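Please keep the sequence and the model in view while going through them.

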Amino acid sequence: MSESHPSDQPIELERYELQAEPAYRFDFELARRDFFKLLGGGLVLVFTLDALGSQESGRQEGESGRRAPTPSAPKDIAGWLHIAEDGSVTVFTGKVEFGQNIRTSLSQVVAEELRVPVSSIRVLMGDTDLTPFDIGTFGSRTTPTMAPQLRKAAAAAREALIDLAADEWKINRASIGVKDGKLIDERTAKSIEFGRLTKGQKLLKVISADTATTPPDQWKIAGKSVAKVDGRSFVTGGHRYTSDQKLPGMLVGRIVRPSALNATLASVKTGDAEAIPGVTVVSDANFVGVAAPDAQTAARAAAAIQTEWKAEPQPAAKELSEYLRKQATSAQQVSSQGSITDGLERAEKKLNQTYTVAYIAHAPLEPRAAVAEWREGKLTVWTGTQRPFGVRGELAETFRIPEDRVRVIVPDTGSGYGGKHTGDVAIEAARLAKSAGKPVKVVWTREEEFTWAYFRPAGVIDVSSGVSADGTITAWEFHNYNSGTAGIQTKYAFANQKIVFHQTKSPLRQGSYRGLAATANHFARESHLDELAHALKMDPLEFRFKNLKDERLKAVLSAAASAFGWGKPKSAADRGFGIAGGFEKGGYVAACAEVAVDRATGKAKLIRVVEAFECGAIVNPDQLRNQIEGSIVMGIGGALFEAMDFDNGKVVNPRFSRYRVPRFSDTPLIEAVLVDRKDLSSAGAGETPIVGLAPAVANAIFDATGIRLRSLPLAPNGLKL
Amino acid sequence: MPKISELLVNGNRLRVDTTSDRSLLNVLRDELNLTGSKYGCGEGQCGACTVLIDGQATRSCITTVGSAAGKKITTIEGLEKNGRLHPLQQAFLDADALQCGYCTPGMIMSGVALLAKNTSPSDQEIVRFMEGNICRCGTYPRIVTAIRKAAQSIKGGGR
């Protein structure tokens, strides 16, 4: 069951990042049948990754077979699009909406190619029965991979509609224009709506991978600030998150949790709980839970169960750094260039420092939730997961049923930040529903969320470097224990470098988090560079430029510094300025921070952040700003005060009253500087804007106080001045 | 345990059948199907469950249904009138002051309570009043803007 979380498993985030091939294939023939059953007639466009797909392009198939022979069933369906007989456009994608506003940005790119208003697009997301396989919504992949595929589907749909109109009107397709959901004969101004063209037909077209799309410098709908497409349902409270779903006869589930992390069940007495009317008790392997008609009865039943658990002694938060180093199991050389020994020999100054980061929690405001229903041997689960198909696999494996007997549906979810990859709560709800014979909803409490989810990996990073008198870094040796490899490589031109990732045992269950390890690696690297700059009495920005050839990183550093007023006098003596830059997941970021330090209280307050970000051609400027601002605000927590406290298998601070997250008063003045590169393809933006903040703040605190802080969080209890 | 059989919610007298010790949030969501108010922490720390009781912003997760009986309860579902959004709901849309939206109902209810007391709050006053509401997506600057804009809109005759 899901309760077993061996602590020596490889860290999950690496698995998610590196797994390139889909683990599953979508059965297209089945899907097509279901598809037309679901939506009636119209035009369906399928995007396939097969090379074969491009050869099939241009064929059309009627259900009756009267048009063209059936194309061989393509595998690897990546996206599809349907234009119904009423002209409505539905886009199908296995991606999910967690607040990153891809429902809006994907609508924009499809509207762009179809030449229709954004409001006429419906995006159906994250439903394993209706949407094509998708590996998951993580790694900032939606904008660089899903958006171009849907864009091609829409462009091909537009071209197919032009063909249909040319057939209908018996005219040359070159004289047909497309505007506002209509095809227009440009010579006579005669027009016909999309839907009327497809009426009575079930048309299918496979899109070739090389379908031409509108270049960014000609975008009219994409590239503009479009508000959240279904915003109204959120401000009225109408949107139904998983935790708001209700099914007839649904029970409420509650899990009896182990006494400590990694504990196993020694004994259980369920008699008192079973005696409560309407209660179903499940005790299976390490899983103990109840289902009851309402939440209070479920809580009462869970409390009536007596359990004994066995657990080995486990380390405490204060022993963490030592533990991670000692428990290292294997080393992976990420980069090796030149000779560290030679580089150090040529160095004017040498520096060895260690940086640490704590475990932190995603703390999504909507806790993990699932509603599960078994009907005629088929399991349907509504749950807020970033990996609907992955969770389908987990459910199939857990209950030993084929995947086609499992359907996972993901309602737009109350955020995740990388924290909702796994199917724990889905399995819990499904297990209870199986025994109860009725649908069951499980919503984790905040305390469960802070204890039984997984965390951003903690880490220890050792950096040894050498620098010549003119500021050239001659040696760079970087060892990361446990936090991960994201952002571990550098864009700086270090001729002699050795970068190693050490896998270790983790006392807490750990996994993906917004930006993965890029925050830890940027914190160590950009703090260390700042230390070197100060050791040489060089300006930190000038020092970075000295070691940088990458023009895109230079451009964001310049943009941030210029908007911030880097090098200008400070407004007060208690202020400090810090800068940091970096690259991850196709995005380039530079952050400048201004802090104020109260010498009497030791309180460090972030006053102002200017962050420049470049992710290629911008799809939606205002939503991009929203993501940058949100990353900065979230980043404040990990930078200044967030940390999991734990001791011997128990999380000590599993509540918002004990685990502080950023609030209104923590928020600085934020300026996002967008660097739009219409000549480059678009990269994602939900993660990378977080990575520069922590080092910029640490560097600003040093500038204000002369105190170098090398552990995240930097100042959970203020500074000791 | 005393029973509660009626609540005054969004101007309507609604039948309920519950003991008085249950949380108001629980009754609103599970009995009355008013799921706009959210569970976020169960200890009054995050504000996702905020409703108005006699105009006061109240954490419904730590409020017993017994203490709310007979009083005027307003939830997020009660703000829209005849298809017209409350100026603060509209301001949230205009400022794009949401990402995942889970905190949004609680934010709006807290903001409505503030604007009822203070028709032109300063940014500092907004921050102080809203401090108990968490937005994990970090849209705080936009929420401050939305409240400020809504204040202007209300003064201009928005409601």
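This is a predicted model: local features need pLDDT of at least 70, side-chain atom pairs count only at pLDDT 80 or more; totals for chains, interfaces and linings use all residues.

1. When neighbours within four places in sequence are set aside, A:Val697 is in contact with A:Gly578, A:Ala593, A:Val595, A:Leu606, A:Ala639, A:Leu640 and A:Leu714. The largest nonpolar core contains 250 residues, and within this core A:Ala429 and A:Val697 touch the most other members. Helix H5 of chain A, residues 142-169, gives the most to this core, namely twelve residues.

2. Chain A contains 19 helices and 29 strands. Of its 721 residues, 54% are buried. Among the contacts in chain A with a separation of 6 or more, 79% are between residues 24 or more positions apart.

3. Chain A is divided into three parts: domain 1 (14-230), domain 2 (242-311 + 368-443) and domain 3 (319-359 + 455-712). Between domain 2 of chain A and domain 3 of chain A, the C-alpha centres lie 39 Å apart. The contact between these two domains involves nine residues of domain 2 of chain A and eight residues of domain 3 of chain A. On the side of domain 2 of chain A that touches domain 3 of chain A, five residues are nonpolar, four are polar and none is charged.

4. Strand E17 of chain A, residues 378-383, deserves a careful reading. This strand is mostly covered, with five of its six residues buried. Strand E16 of chain A (residues 369-375) pairs with E17(A) in the antiparallel sense, over six bridges. One bridge joins A:Arg375 to its partner A:Lys378, which lies in E17(A). The two strands E16(A) and E17(A) form a hairpin with two residues between them, and A:Glu376 in the turn has a positive phi of about 50°.

5. Which strand pairs with E17(A) in the parallel sense? The partner is strand E18 of chain A (residues 406-409), and four bridges join E17(A) to E18(A). A:Trp382 has A:Ile409, in E18(A), as its bridge partner. Together with helix H12 of chain A (residues 388-399), E17(A) and E18(A) make a right-handed β-α-β unit.

6. Not counting residues up to four places away in sequence, A:Arg325 touches A:Val460 and A:Tyr481. A:Gln503 is 178 residues away from A:Arg325 in sequence, while the C-alpha to C-alpha distance between the two is 9.4 Å.

7. Why is helix H1 of chain B (residues 24-31) described as largely enclosed by the rest of the structure? The description applies because six of the eight residues of H1(B) are buried. Those buried residues are B:Leu24, B:Leu25, B:Asn26, B:Val27, B:Leu28 and B:Arg29. They pack against H9 of chain A, and also against strand E2 (12-19) and helix H2 (65-68) of chain B. Just after H1(B), B:Asn33 takes a positive phi of about 60°.

8. In the contact between them, 15 residues of domain 1 of chain B meet 13 residues of domain 2 of chain B. Strand E3 (50-53) and strand E4 (56-59) of chain B are the elements that give two or more residues to the side of domain 1 of chain B that touches domain 2 of chain B. E3(B) gives the most to that side, with three residues. Divided by class, the side of domain 1 of chain B that touches domain 2 of chain B has seven nonpolar, seven polar and one charged residues.

How values were computed. Residues are numbered from 1 along each chain as its sequence is written. Chains are lettered from A and ligands numbered from 1 in the order in which they are written. Two residues are in contact if their C-beta atoms, placed from the backbone, lie within 7 Å. Ala, Val, Leu, Ile, Met, Phe, Trp, Tyr, Cys and Pro count as nonpolar, Asp, Glu, Lys and Arg as charged, and the others, Gly among them, as polar. A residue is buried if 20 or more other C-beta atoms lie within 10 Å of its own, exposed if 12 or fewer, and partly exposed in between; C-beta atoms are placed from the backbone. Two strands pair if DSSP finds at least two bridges between them. A crossover is right-handed if, with the strands pointing away from the viewer, the path from the first strand over the helix to the second runs clockwise. A nonpolar core is a set of buried Ala, Val, Leu, Ile, Met, Phe, Trp, Tyr and Cys residues joined through C-beta atoms within 7 Å. Domain bounds come from an automatic or database domain assignment.
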